[in-house]
Amino acid sequence: MDTPQFKSTENEVQELSRAVRKLALIGAGLKNLNTPGVDPLAAQAVGEAVRKIFGDGIDTLDESERSTLINVINMGFAEAGELLNNPGRSQGWQVTDPVLLQTQGRSSGQVFWRIRALAVDRPLLQEALQGRFLDVGTGVAGIALEAARTCPTLKIDGIDIWEPALALAHENVKDSPYSDRIAISKLDVTELPEAPQYSLVWLPTMFMRRAVVEIALDRITAALRPNAYVIAARYTVPAAPEAAAFTALRTFRSGGEPIAQAEMEDMLRRRGLVDVESDVRPLATFTLGRFE
Ligand SMILES: C[S@@+](CC[C@H](N)C(=O)[O-])C[C@H]1O[C@@H](n2cnc3c(N)ncnc32)[C@H](O)[C@@H]1O
């Protein structure tokens with residue numbers, strides 16, 4: 001005899017399970033539209049199921065809009081699968097699965113779109129896009145490659161400590177047209193040489209313990225050129241308690257510690273950075289500061 005608790009939990013799980021399938025279907029439909037040479041019968045079967053949900057709206061999206069949505073969906077499945085398959089793994093970014101590493105890389109390329117959007121009304125940030133960019137935690141070089149693609153004179157140093165990601169980063173850069181402008185190195189940001197050379201630094205703090213972030217910021221500040229920008233990112237904590245708990249778990253599994261927006265801004269100001277501000281979006285908050 002099912003208990004009321006089991007029945008209500010089962011109903012909720014069934015409903016969520018349908019939502020997962022629906023998301024997969026949307027992703028499948030978008031991927032088919034973006035992939036030439038798909039078996040027409042398969043494309044039709046998936047397309048019909050998708051149109052039942054969305055009407056013909058999905059056909060009006062352009063290729064880049066479809067790619068953006070595919071990235072979001074891929075990342076959702078990759079991250080959720082990693083949580084489900086390794087629920088007991090200890091804190092830290094210890095991903096070895098090349099598919100998840102590459103998916104994360106492709107998805108994080110969008111970080112640079114956001115940085116370029118911020119540069120539109122910040123002329124000194126726009127200038128910084130023509131100097132030397134330090135991509136801390138470069139992973140498989142997703143951000144570094146997007147930076148090179150969109151900023152034709154920018155030089156990029158990507159550093160990381162995670163060998164499985166670094167191996168893929170080397171391959172990705174070698175296979176790209178930007179290998180002359182991107183250098184990938186195994187380097188802990190806490191050991192960054194203190195030589196003023198960078199015009200822009202990306203620091204994803206959600207992958208680091210607070211003590212590491214503090215040392216990283218000291219080292220980074222000593223490696224900045226005048227007017228350089230530092231952009232420190234954290235997962236945005238949503239107001240709803242359930243969503244906030246999930247964000248806390250994401251930060252834990254990524255290897256980070258919760259850092260409040262005011263604390264992050266203070267960390268930059270304490271290093272003498274000016275024009276400190278935070279750009280808050282649903283997934284991640286970027287805190288920016290400029291070195292005078
Ligand atoms: C999720 S990945 C970033 C993804 C990346 N943007 C890409 O394109 O693949 C975060 C990275 O930060 C790296 N990381 C963590 N602590 C670090 C440290 N102290 N110094 C350098 N990299 C670090 C991790 O090894 C991990 O590869």
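In which strand is the place of Ile-231?

Author: The model is a predicted one, and in it the place of Ile-231 is in strand β5. Ile-231 counts as buried, because its relative accessibility is 0% and the cut-off for a buried residue is under 20% relative accessible area.

The contacts of Ile-231 give the next part of the picture. Leaving aside neighbours within four places in sequence, Ile-231 is in contact with Ile-115, with Leu-200, Val-201, Trp-202 and Leu-203, and with Phe-286, Thr-287 and Leu-288. Arg-122, which is 109 residues away from Ile-231 in sequence, has its C-alpha atom 13 Å from that of Ile-231.

Beyond its neighbours within four places in sequence, Phe-112 is in contact with Leu-129, Phe-133, Ile-143, Glu-146, Ala-147, Thr-150, Cys-151, Leu-154 and Leu-200.

When neighbours within four places in sequence are left aside, Gln-110 is in contact with Thr-68 and Asn-71, and the C-alpha atoms of Gln-110 and Thr-68 lie 8.4 Å apart although the two residues are 42 apart in sequence.

Two residues deserve a remark on their backbone angles. Most residues other than glycine have a negative phi. Ala-141, however, has a positive phi of about 80° without being a glycine; it is found in the loop between β1 (132-136) and α7, where it counts as buried at 0% relative accessibility. Asp-275, again not a glycine, has a positive phi of about 50°; this residue lies in strand β6, which covers residues 274-280, and it is partly exposed, with a relative accessible area of 44%.

Two threonines extend the view to other parts of the chain. Thr-190 is found in the loop between β3 and β4 and is buried, with a relative accessible area of 16%. Not counting residues up to four places away in sequence, Thr-190 touches Val-212, Ile-215, Ala-216 and Arg-219, while its C-alpha atom is separated by 42 Å from that of Ile-26, a residue 164 places away along the chain. The other threonine, Thr-221, has its place in helix α9, which covers residues 210-221. Thr-221 counts as buried at 13% relative accessibility, and its contacts, leaving aside neighbours within four places in sequence, are Arg-271 and Phe-291.

It remains to set these details in the whole chain, whose secondary structure comes to 11 helices and 7 strands. The radius of gyration is 21 Å, close to the 19 Å that the globule rule gives for 292 residues, so the chain is as compact as a globular protein of that length. Taken along the principal axes, the C-alpha atoms fill a box of roughly 65 × 50 × 35 Å. Buried residues, of which Ile-231 is one, make up 43% of the 292 residues. Among contacts between residues at least 6 apart in sequence, 72% join residues at least 24 apart. The accessible surface comes to about 15300 Å², and 58% of it belongs to carbon and sulfur atoms. As for charge, the chain has 31 positive and 38 negative charges, and their mean positions are 0 Å apart.

Terms used: Residues numbered from 1 in each chain as written. Predicted model: local features only at pLDDT ≥ 70, side-chain atom pairs only at ≥ 80, totals over all residues. Heavy atoms only, no water. Helix = DSSP H or I, 4+ residues; strand = E, 2+ residues; numbered from the N terminus. Rg over C-alpha atoms; globule rule 2.2 N^0.38 Å. Buried < 20%, exposed > 50% of the residue type's maximum accessible area, 1.4 Å probe, protein only. Contact = heavy atoms within 4.5 Å. Areas by Shrake-Rupley, 256 points an atom, 1.4 Å probe, with all protein chains shown as cover. Lys, Arg positive; Asp, Glu negative; His and termini not counted. Charge placed at Lys NZ, Arg CZ, Asp CG, Glu CD.
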